[in-house]
Amino acid sequence: MPTTVLWFRRDLRLADHPALCEAHQAAGGGRVLPLFVLDPALLGSAGSVRTACLSEAVQALSEATDGALVVRRGDPAQVVAEVAASVGAASVHISGETTPYGRRRDAAVRARLGAIPLVATGTPYAVGPGTLVTGAGTPYQVFTPFSRAWRDHGWPAPAPTPPTLRWLSDADGDPLPEPDHRAQAPRLPACSPQAAVQRWREFLEAGLTSYDADRDRPDLDGTSGLSMHLKYGTVHPRTLLADVARHVGQQDASGAGVRRFVTELCWREFYADVLWHRPDSAWADLRSGLAAMAYDDPGAAFAAWQAGRTGYPLVDAGQRQLLAEGWMHNRVRMVSASFLVKHLHVWWPHGARHFMRHLRDADLASNSHGWQWVAGTGTDAAPYFRVFNPVAQGRKFDPHGDYVRRYLPELAHLPGASVHEPWKAPTGYDHGYPARLVDHDEERREALRRYDAARLRA
DNA sequence: TTTTGAGTTGTTCGA
DNA sequence: GTCGAACAACTCAAA
């Protein structure tokens, strides 16, 4: 009976897993060796929270396979070929990868495997990147037409889990990185398929109806909280879309929330599609229109931004949440990114790299293209004259100041929305909060000047 | 090929 | 305090 290898990557679950089905089918009555490779090329750019989440998800997968999961550290091309040869595998199975590094890596693995086929089934998306094209056969550049095509295309039903899973383990593995973050930050949610399912149930019951209104409020628990699970694949968007479709039938009151949630999933797929067509846009401007833009080198101001000491409370609260929890509310990500790019005049990849290192949901496509949207260099970019005012954003989306106070102990004594303007409070700087690094009006005008100059030279 | 309608997420200013 | 206009044209997608 043949043996096959199932190499897990961004799909750390057993449910709704087409490549798992394929691996079992190819094995016939034989066994499947579950494998995870700790790739130094990927681990090197991950902060401690990211590493810990990965470690936890892999641990959960190991338990779900009754300890059969083989974890090996090293260059995937070498490790996968070695493992496949050692068990005499008939084929190696994967979920298709779509990021620039993942595609290069898989090509190298395929080459190294030689006669053993590397079989890709499915992707981490409901509709695989590169599937949808415009009538002219070109990739979509604007979200709304893409989202129409994406909904019209429809989403496949979740894959059924094979009734019996016959795992093989050769028991010769490397240890996982120590998940040491939980002691430091006990508030962090667990990273496992079970945790994903639990969070999803809670959100369906309590969060979805008010999602449209609450998702923009960092002071509330209004988001789905699923971004980390989508990143590691502890849940697949196909599962979510199928559940949501059932939910819609039951209660119409949640219509706006459902539509919005589906739209947010679609954004993830849109940016993955853009990155698929333009791998270089991960770390460089998608559009060349601002090639002549004058940026400042990241120096002391960049360090202050990273540490959450810019003197603008909403920005600083976000940056400190990022360092403490490996997560930042989406609204605050936009404000903080805008501040780095437009108030501190730093090129977006510097900020994007910092986010990628620390975010536990670090998704290359969403992160890079979210930054490019803010910077005005991406698809559907924000008009260049749109400069977020961190105080106005704070008053609007954190109206009682609860979010800011949660992360800035130096401002915990200021009541209500006054926390967004400590310079106006007599006691605003009594507990060591830093003065404003730059003046909003001044830097806004400076940003507009630079954009004008860049556009003239373009 | 040409035309047409439309495009995530804001801010400021002045009436 | 509230409200509408200006910001600046440009590109995309489809008819």
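Select helix H6 (residues 143-153) and helix H12 (residues 255-277): the two pack at an angle of about 105°, with their axes 10 Å apart. H6 is therefore roughly perpendicular to H12, a label for angles of 65 to 115 degrees. Axes here are lines fitted to C-alpha atoms, for helices over the stretch in contact, and angles run from 0 to 180 degrees between N-to-C directions. Helices (H or I, at least four residues) and strands (E, at least two) are DSSP runs, numbered from the N terminus.

The model is predicted: local features need pLDDT of at least 70 and side-chain atom pairs count only at pLDDT 80 or more, while totals for chains, interfaces and linings use all residues. Residues are numbered from 1 along each chain as its sequence is written, and chains are lettered from A and ligands numbered from 1 in the order in which they are written.

Now show the side chains at this crossing. H6 contributes Phe143, Phe146, Ser147 and Trp150, and H12 contributes Thr263, Cys266, Trp267, Glu269, Phe270 and Asp273; contact means C-beta atoms, placed from the backbone, within 7 Å. These residues divide into six nonpolar, two polar and two charged.

Centre on Phe270, in helix H12. Is Phe270 buried or exposed? Phe270 is buried, with 27 other C-beta atoms within 10 Å; the cut-off for buried is 20 or more. Apart from its neighbours within four places in sequence, Phe270 is in contact with Phe143, Phe146 and Ser147.

Go next to helix H17 (residues 364-375), which has 12 residues and spans 16 Å from its first C-alpha to its last, close to the 16 Å expected at 1.5 Å a residue. That expectation is 1.5 Å times one less than the number of residues. In H17, 12 of the 12 residues are buried, so the helix is largely enclosed by the rest of the structure. The cover over its buried residues includes H12, helix H15 (330-343) and helix H16 (348-358).

Last, select the open sheet of five strands, ordered E3-E2-E1-E4-E5 with parallel pairing; strands pair if DSSP finds at least two bridges between them. Strand E3 (70-73) and strand E5 (118-120) stand at the edges with a single partner strand each, so one side of each has no neighbour in the sheet. The twist averages 30° from one strand to the next. Five bridges join strand E1 (residues 4-8) to the parallel strand E2 (residues 32-38), and Leu6 stands opposite Pro34 in E2. Helix H4 (residues 76-86) lies across E1, E2, E3 and strand E4 (91-94), at about 160° to E2.

Notes:
Two residues are in contact if their C-beta atoms, placed from the backbone, lie within 7 Å. Angles under 35 degrees count as roughly parallel, over 145 as roughly antiparallel, 65 to 115 as roughly perpendicular and the rest as oblique. Ala, Val, Leu, Ile, Met, Phe, Trp, Tyr, Cys and Pro count as nonpolar, Asp, Glu, Lys and Arg as charged, and the others, Gly among them, as polar.
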